[in-house]
Every structure is written in structure tokens, then in C-alpha cells.
Amino acid sequence: MTAIAQAAPGPWSVTTRVIVYSAIGAALYALFNWIAFAIQIPGTENVSVRPHYGLLTFFGFAFGPVVGFLTGFVGNTVGDQLAYGSAFGSWWWSVANGLAGLVAGVFPFWMASRMTSTGNKAFWAAVAGVVGTIVGFLFIWIELIIQPELGFNTILTGEYIPVVIGNSIAAAIVTPILVLAWEPLSEQLGR
Amino acid sequence: MRAAFRYLGRGSWLARRDPRVLILVAVLFVFGASQVRDVRQLLVILAAALGYYAMAGIPWRSVRLQWIYLLVVVTLFATFNAVLTGGQAGSFVGTETHLLLALPLGLTLTAEGLSLAASQIVRYLSFAAVGFPVAYAIAPGDFGVALRRLGLGDRFAVMVDLTIRFIPTLSAEFGETIDAQRVRGFDPLERRGGLRTRLRRLAPIFVPVTVGSLAGAEDTIDAMDLRGFGTGKRVWYRQLAMDRASWVVVGVFVGFLIVATVLNATGQSEHYLLPFLVP
């Protein structure tokens with residue numbers, strides 16, 4: 001009797017599953033970006049929570065860094081195209097979204113030994129979402145070069161801080177909810 | 001609710017070109033226009049971009065709201081930036097500013113700030129003028145093959161293709177889920193309540209739509225695996241061909257990128273202080 005050993009795909013391999021999950025993630029993210037759900041945080045001028053942002057960190061956390069990056073990058077690009085007709089006008093924001101998904105996707109590989117139960121996994125999903133947001137959106141500082149009209153203060157107070165606060169809240173709440181909903185189903189499907 | 005790429009420019013001069021041209025032009029243009037700071041040069045670029053936009057034959061009434069929204073958002077953001085920087089950004093850093101209006105909290109509106117805002121607004125509008133044809137003058141089914149022929153991998157091209165195909169389906173599922181919740185007397189999109197309440201109210205749409213799509217994805221994955229996706233070189237049914245006009249358009253925009261890069265590198269495109277704003 002012979003046994004065929006099949007190596008588990010690594011975090012960076014691009015399989016059919018990665019392609020399809022990325023496409024679904026990007027389509028959902030683009031759709032919700034287009035519908036533009038945003039809930040203003042009371043008492044703030046320009047900080048709003050986009051709940052669908054949690055989808056991006058969830059796709060990264062659940063399916064790996066490649067899915068996370070493609071969901072954020074392609075989803076934001078297509079969403080901008082649907083909403084404003086300008087896919088590449090703010091390409092650096094799309095890259096930042098992609099990087100946030102990528103960082104959230106790398107997290108489970110670093111923290112694999114600590115994620116022993118579903119509850120534990122949900123907790124680390126929230127942490128991954130927040131860390132991914134803080135790190136990924138550092139990319140928008142490239143505006144200092146490509147958008148010279150924006151000063152340091154505008155990028156910090158008008159963009160980076162509001163976006164990181166709003167998106168971190170969304171990631172911390174929505175990512176674990178989706179992880180808790182997906183885990184039992186993924187076990188049923190044998191994934 | 002209907003979310004899909006609308007092929008509004010069907011039959012126009014640009015729509016008859018190879019779809020790769022429209023994508024390439026948008027990329028070349030963004031990298032070129034990003035390097036230009038002088039509002040007078042940017043106005044020339046905007047005029048050229050609008051000429052290009054006109055060739056896409058996009059009906060005004062179909063995109064009117066998008067243009068208005070874009071103009072309002074960009075103007076608000078540029079004005080916010082003008083106030084916050086007080087004109088001390090870009091080429092005006094370290095220069096003496098001309099005060100127009102003193103605002104509370106030590107903020108100021110200066111001639112330099114408004115000049116910077118003008119550059120920003122004109123640049124964004126030109127981005128939109130060149131970006132709209134990508135959305136509306138390329139047949140939605142041509143995106144994947146166009147990206148492939150631009151040198152991106154088969155897998156990435158298929159992924160973008162699938163994304164575009166999934167959007168209308170997921171949009172319909174999303175609408176059905178909202179309707180199903182409303183039939184049960186629960187309105188997930190109700191605007192009442194605080195942040196936590198409103199976030200919690202959205203869970204009954206996000207969770208079923210997301211998890212349902214992922215469960216449904218298994219069929220797509222199986223179908224692709226059964227057809228041997230990714231095991232060899234993929235053959236695309238749709239063939240693309242660059243005609244002479246397509247090459248000319250690409251050549252013009254490559255030329256623009258070169259000129260913009262030279263202007264930037266030689267310091268000939270610094271921010272321009274609009275003279276009529278100086279008191």
C-alpha cells in the first residue's frame with residue numbers, strides 16, 4: 001500500500017482556493033465600499049467606522065497574506081472605480097489596504113502555537129486586524145512625496161489617525177465575529 | 001440595488017481601441033500628473049484629459065452624480081488641507097505667506113493654501129477624467145484578458161475577472177439578505193442608535209453574505225480544479241490586437257510621462273502662487 005503525501009500549501013502559495021477567496025473578498029469589499037457604509041463616531045469631526053473594513057482583515061487572517069493583500073488592493077481599486085470612476089487616482093490607498101490585509105494574514109503563522117481554541121483564535125483575529133491596520137496604513141505617508149500639497153499635519157490628523165482609529169474599531173469588532181461564524185463551517189467543509 | 005460595471009461608452013472611439021490602451025493610459029497619466037505641481041500646467045493637463053474623456057462617449061446624465069460627488073469631496077478635502085497647512089506645504093515651505101482670513105484655533109487661510117488647493121483639485125479632476133473611461137469604456141469581460149496581455153500572471157488576471165463577475169451576484173445576495181431581515185421586522189440599515197448598536201445591527205447582513213459566499217465558493221473552486229486550472233499555460237478565448245491608433249494614444253501618454261518627469265526633475269513645475277489671491 002502506498003501513501004501519497006501532499007504538502008500543505010505555504011502562506012505565500014497561490015492556489016485555486018487563494019484565487020477564488022481573493023476574488024470573493026475583493027468583490028465584497030468593493031461592493032461595500034461602493035455602498036459606502038460609514039458610521040460617524042459621535043463627538044468627532046472626521047472619524048467614521050466602515051464596518052466592512054473588517055472583511056479585509058478577516059480574509060487575510062482566515063485565508064493567508066496573499067488573499068488579504070489581494071482583497072484589500074483589488075477590492076479598494078475596484079470599489080474606487082465603481083464609486084468614483086477612478087481606480088488608480090489614489091492607488092497608494094489601495095496598496096495600504098492591501099498591506100493591512102497582508103499583515104493580518106501573516107499573523108496566524110506567527111501566532112499558530114497560541115491559537116489553541118476558537119475563542120483564542122477570535123481574540124488574535126482582533127489583534128491581527130488592529131496591528132494590520134496600524135502597519136498597513138503607514139504606506140499612505142508616501143503622500144509626502146506624491147501629494148506635496150499635503151503637509152505632515154494634514155496626513156497625520158486628517159488621514160492617518162482618523163483612518164487607523166475608525167478601521168481598527170471595525171477590525172477589532174468585525175474580524176472576530178466573522179472568524180467565529182466561519183470556523184465551524186470551515187471544519188464542516190474540511191478546510 | 002444594482003452594482004456592476006456599466007459599459008456606458010460602448011461603441012465610442014475609445015471603446016473600439018484595445019482595452020489595454022485605456023488601462024495603460026490611466027497608469028501613465030497618474031504617474032505623470034502626480035509629478036506636476038504648477039496649477040497652470042495642470043490646467044493644460046486637465047483640458048487634455050477632458051478631451052480624452054470626451055472620446056469615451058460616456059453620457060453625462062449617467063455619471064453626473066459621480067462628478068458632483070467627486071468635485072464636492074475633493075474641494076472639501078483640499079480646503080481642509082489649505083486651512084490645516086496654512087499654505088506651508090509643497091513648494092511654499094519656508095516662504096512668507098499672504099494672510100486672507102484668520103480662523104479660530106490659530107488656523108489661517110492664505111493665498112498659498114488656496115493655490116495648493118487649486119493644484120490638488122485640478123489634478124484630481126484630471127485623474128477622474130482619465131479614470132472614467134477605464135470603468136465605462138472597457139467591456140467588463142475584457143478586464144481579465146487585458147491584464148493578462150499587459151504581462152500580469154494568469155492567476156491574477158483570472159482573479160480580477162472573477163471579482164468583476166462576482167460583484168453583481170453578491171450585490172443581489174446582499175439585497176436579498178436585507179429584504180429577508182426586513183420581512184422579519186428587522187432593519188439592518190436603520191440609522192438610529194449609537195456606534196455599538198449600529199455596528200451590532202449590521203452583523204445579520206455581513207455574516208450571512210460573507211459566510212454564504214465563502215461556502216458557495218467551493219463550487220467555483222471545484223469547477224476550476226476539475227478543469228485543471230493552474231496546471232499549465234492558460235489559453236484565453238478573447239484575442240486582443242493593438243491597432244495603429246492604439247499605439248499612437250499610448251505613445252502620446254508615454255511622451256507626457258517623460259515630459260512630466262523632466263519638468264519635475266529640473267524643478268520647472270513648482271507650486272504657483274495665484275496672483276489674484278495676493279491682497
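**View 1. Asn81(B) is a buried residue of helix H3 of chain B in this predicted model**. Asn81(B) counts as buried because it has 23 C-beta neighbours inside 10 Å, where 20 or more are required. The residue is found in helix H3 of chain B, and, once neighbours within four places in sequence are left aside, its contacts are with Glu149(A), Leu150(A), Thr154(A) and Gly158(A) in chain A and with Ala117(B) and Gln120(B) in chain B.

**View 2. The contact between chains A and B takes residues from several helices of chain B**. Chain B gives 58 residues to the contact and chain A gives 50. On the side of chain B that touches chain A, the elements that supply two or more residues are helix H1 (19-33), helix H3 (60-85), H4, H6 and helix H7 (195-226) of chain B. The largest share of that side, 18 residues, comes from H7(B). Sorted by class, the side of chain B that touches chain A holds 37 nonpolar, 16 polar and five charged residues.

**View 3. The largest nonpolar core has 136 residues and includes residues of both chains**. The residues with the most contacts inside this core are Ala23(A) and Ala27(A) from chain A, together with Leu22(B), Val25(B), Ala26(B) and Ala129(B) from chain B. Helix H4 (residues 111-136) of chain B gives the most to the core, with 17 residues, and the core draws at least three residues from each of domain 1 (19-145 + 241-277) and domain 2 (155-226) of chain B. When residues up to four places away in sequence are not counted, Ala23(A) touches Met159(B), Leu162(B), Thr163(B) and Phe166(B).

**View 4. Helix H6 of chain B bends at Phe166(B)**. H6(B) covers residues 154-183, and its 30 residues reach 43 Å from the first C-alpha to the last, which is close to the 44 Å expected at 1.5 Å a residue. The bend at Phe166(B) is about 35°, and the proline Pro168(B) follows within four residues. Phe166(B) is also one of the residues that Ala23(A) touches. After the helix comes Gly185(B), whose phi is positive, near 85°.

**View 5. Helix H7 of chain A has a kink at Tyr160(A)**. This helix, residues 152-189, spans only 48 Å between its end C-alpha atoms, whereas a straight helix of 38 residues would span 56 Å at 1.5 Å a residue. The kink at Tyr160(A) is about 30° and lies shortly before the proline Pro162(A). Chain A, to which this helix belongs, has seven helices and two strands, arranged along the sequence in the pattern α-β-β-α-α-α-α-α-α. Of its 191 residues, 59% are buried, and among its contacts between residues at least 6 apart in sequence, 76% join residues at least 24 apart.

**View 6. Domain 1 and domain 2 of chain B touch through a few residues on each side**. The domain assignment gives domain 1 as 19-145 + 241-277 and domain 2 as 155-226, and the C-alpha centres of the two lie 35 Å apart. Four residues of domain 1 are in contact with five residues of domain 2; on the side of domain 1 that touches domain 2, three residues are nonpolar, one is polar and none is charged.

Conventions: Residues are numbered from 1 along each chain as its sequence is written. Chains are lettered from A and ligands numbered from 1 in the order in which they are written. This is a predicted model: local features need pLDDT of at least 70, side-chain atom pairs count only at pLDDT 80 or more; totals for chains, interfaces and linings use all residues. The expected span of a helix is 1.5 Å times one less than its number of residues. The bend at a residue is the angle between axes fitted to the seven residues ending there and the seven starting there. A residue is buried if 20 or more other C-beta atoms lie within 10 Å of its own, exposed if 12 or fewer, and partly exposed in between; C-beta atoms are placed from the backbone. Two residues are in contact if their C-beta atoms, placed from the backbone, lie within 7 Å. A nonpolar core is a set of buried Ala, Val, Leu, Ile, Met, Phe, Trp, Tyr and Cys residues joined through C-beta atoms within 7 Å. Domain bounds come from an automatic or database domain assignment. Ala, Val, Leu, Ile, Met, Phe, Trp, Tyr, Cys and Pro count as nonpolar, Asp, Glu, Lys and Arg as charged, and the others, Gly among them, as polar.
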